[in-house]
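Reader: Could you walk me through this one? I'd like to start with the helices and then move on to whatever surrounds the ligands.

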Amino acid sequence: MKSTFVSAALVASTAAFPHLAVEKKGVPAGSAHKRVLERATQPQGGAAGVPAPLLPPVFDAASQRIDVNGSHAFVAPGAGDARGPCPGLNAMANHNYLPHNGVATITEFIAATTSVFGMGVDLATFLATYGAILDGDGTSWSIAGGSHVGIGGSHGNYETDSSPTRGDLDQYGSNSDLVLSQFKTLYDMQPDAATANYNIEVLRTFRETRFQESISKNPYFSYQPVAGMLVSQAAFTFIYRFMANHSAEAPEGILNKDVLKSFFSITGDDDNLKWTPGHEQIPYNWYRRNTLDAYTIPYYILYFAAENPEFLLVGCNQGEVNTYNTISASTLSNGAYTVAQAAANPTCFATEFAIAELPGLTGLSGSLVNSLTGAITGVTGALGGCQGISKVNTSALTACPGFALYGGPTGPVAKGAVQS
Ligand SMILES: *[C@@H]1O[C@H](CO)[C@@H](O)[C@H](O)[C@H]1NC(C)=O
Ligand SMILES: *[C@@H]1O[C@H](CO)[C@@H](O)[C@H](O)[C@H]1NC(C)=O
Ligand SMILES: *[C@@H]1O[C@H](CO)[C@@H](O)[C@H](O)[C@H]1NC(C)=O
């Protein structure tokens with residue numbers, strides 16, 4: 001399935017890897033934080049030639065335990081409450097860490113994601129602001145959503161194809177419903193409940209499986225710069241980085257079957273799993289990552305890409321399954337980035353592409369454009385600055401029938417789609 005184009009990028013991106021230069025820029029120097037970041041950017045498991053992982057921060061039970069009692073006890077959503085495709089956000093609304101109605105302000109999203117999951121302030125600020133501008137009213141947005149609004153209506157700018165557990169919009173006619181076969185594929189990747197740990201390497205393999213599944217089952221599979229390269233990668237890493245349970249024995253975190261099921265609102269025995277929409281729960285006696293180890297922007301893409309450089313290339317199926325073609329970053333950016341540069345700096349390419357592309361395509365007002373640009377340059381600043389793109393060539397995307405910026409939460413099923 002890998003084209004020669006992908007192979008060329010493989011050479012380019014792995015050649016860039018030993019340095020991991022992009023990941024280290026913008027991190028406070030000399031601190032415990034830096035050590036932690038170095039650890040987190042090393043592939044785990046100690047592959048040949050890779051330095052052994054450094055130690056994660058010492059477990060701190062009092063600060064890492066998340067309260068699910070009293071005012072944070074689980075309350076299932078009622079008829080008027082918004083719940084959508086993101087299990088973590090649904091869980092926080094169910095536990096009153098976000099407003100129970102599922103509509104929250106930028107400030108509330110940042111406070112909740114940093115305190116409950118240990119997301120870095122930089123990443124939380126970007127995700128919250130980007131969502132509120134593109135998918136909300138500029139200051140708040142819904143974790144469910146309707147046409148052109150909320151995460152459910154953000155297909156192509158935020159929510160996207162080849163998600164871990166949610167269906168591809170054009171494959172299933174919904175981008176918000178969990179597809180049990182997708183969950184089961186992940187679930188079965190750790191057969192022994194006693195030792196199960198859905199760690200970052202398991203998630204990388206699952207990400208590859210899901211990417212190939214979209215190519216072979218969704219005629220309109222579309223993998224776009226921000227939603228695909230950036231947000232979609234993040235969604236996979238988030239499962240382990242944010243849902244794992246931490247302890248003194250396992251300070252890096254273990255994500256076992258029960259915790260995974262709780263966060264995805266799955267009940268039942270292994271051969272009879274059942275999904276209940278919107279009932280995601282933070283488990284009782286669950287400990288998030290140490291905030292000294294907050295999950296920041298520089299962490300999160302390159303680990304997958306070292307093994308799977310195709311995740312860093314824009315591409316799409318062209319109306320039929322298995323017609324996936326990559327689209328050159330050079331073409332898309334009118335030559336501002338070469339293919340190798342985009343593969344080596346995917347976050348730069350995707351964010352600069354968004355700065356150039358989104359104002360024109362979304363028709364945002366001047367002040368919202370400024371806020372969006374500000375949110376995005378917060379990301380590129382964390383990376384130490386990026387090469388700008390003055391003009392995008394979106395005509396290359398006309399080859400992609402699934403290209404959209406505001407699809408969902410429901411839509412027609414594409415002719416030739418394969419469901420499972
Ligand atoms: C806290 O909530 C958990 C989960 O619902 C429950 O099992 C436990 O008994 C509660 N503890 C207190 C002190 O209410
Ligand atoms: C998290 O790990 C600790 C230590 O092993 C354990 O006591 C606790 O029950 C675990 N929490 C969950 C939700 O599995
Ligand atoms: C823009 O993209 C189209 C379609 O791929 C291509 O034919 C054209 O040459 C590109 N324009 C530039 C200036 O690269």
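Reader: Where does α16 kink, and by about how many degrees?

Author: In this predicted model, α16 has a kink of about 35 degrees at alanine 356, which lies shortly before proline 359.

Reader: And how does its end-to-end span agree with what 17 residues should give?

Author: Helix α16 covers residues 346–362, and at 1.5 Å a residue it should span 24 Å; its end C-alpha atoms are 22 Å apart, which agrees.

Reader: What follows α16?

Author: Glycine 363 comes next, and its phi is positive, near 65 degrees.

Reader: Is α16 enclosed or open to the outside?

Author: It is largely enclosed by the rest of the structure, because 13 of its 17 residues are buried. For the protein chain as a whole, buried residues make up 49% of the 420 residues.

Reader: Switching topic, which residues surround ligand 3, and of what class are they?

Author: The residues around ligand 3 are Thr331, Asn334, Asn393, Ser395 and Ala396. By class, that shell has four polar residues, one nonpolar and no charged ones.

Reader: Now glycine 167: where is it, and is it buried or exposed?

Author: Glycine 167 sits in the loop between β2 (140–142) and α8 (169–172). With 23 other C-beta atoms within 10 Å, glycine 167 is buried, because the cut-off for that is 20 or more.

Reader: What does glycine 167 touch, leaving out residues up to four places away in sequence?

Author: On that basis, glycine 167 touches Tyr172, Ser174, Asn175, Asp177 and Val179. The C-alpha atoms of glycine 167 and glutamine 182 are separated by 8.2 Å, with the two residues 15 apart along the chain.

Definitions and conventions
Residues numbered from 1 in each chain as written. Chains lettered and ligands numbered in written order. Predicted model: local features only at pLDDT ≥ 70, side-chain atom pairs only at ≥ 80, totals over all residues. Buried ≥ 20, exposed ≤ 12 C-beta atoms within 10 Å, placed from the backbone. Near = placed C-beta within 6 Å. Nonpolar A, V, L, I, M, F, W, Y, C, P; charged D, E, K, R; others polar. Helix = DSSP H or I, 4+ residues; strand = E, 2+ residues; numbered from the N terminus. Expected span 1.5 Å × (residues − 1). Bend = angle between axes of the 7 residues up to and from the residue. Contact = placed C-beta atoms within 7 Å.
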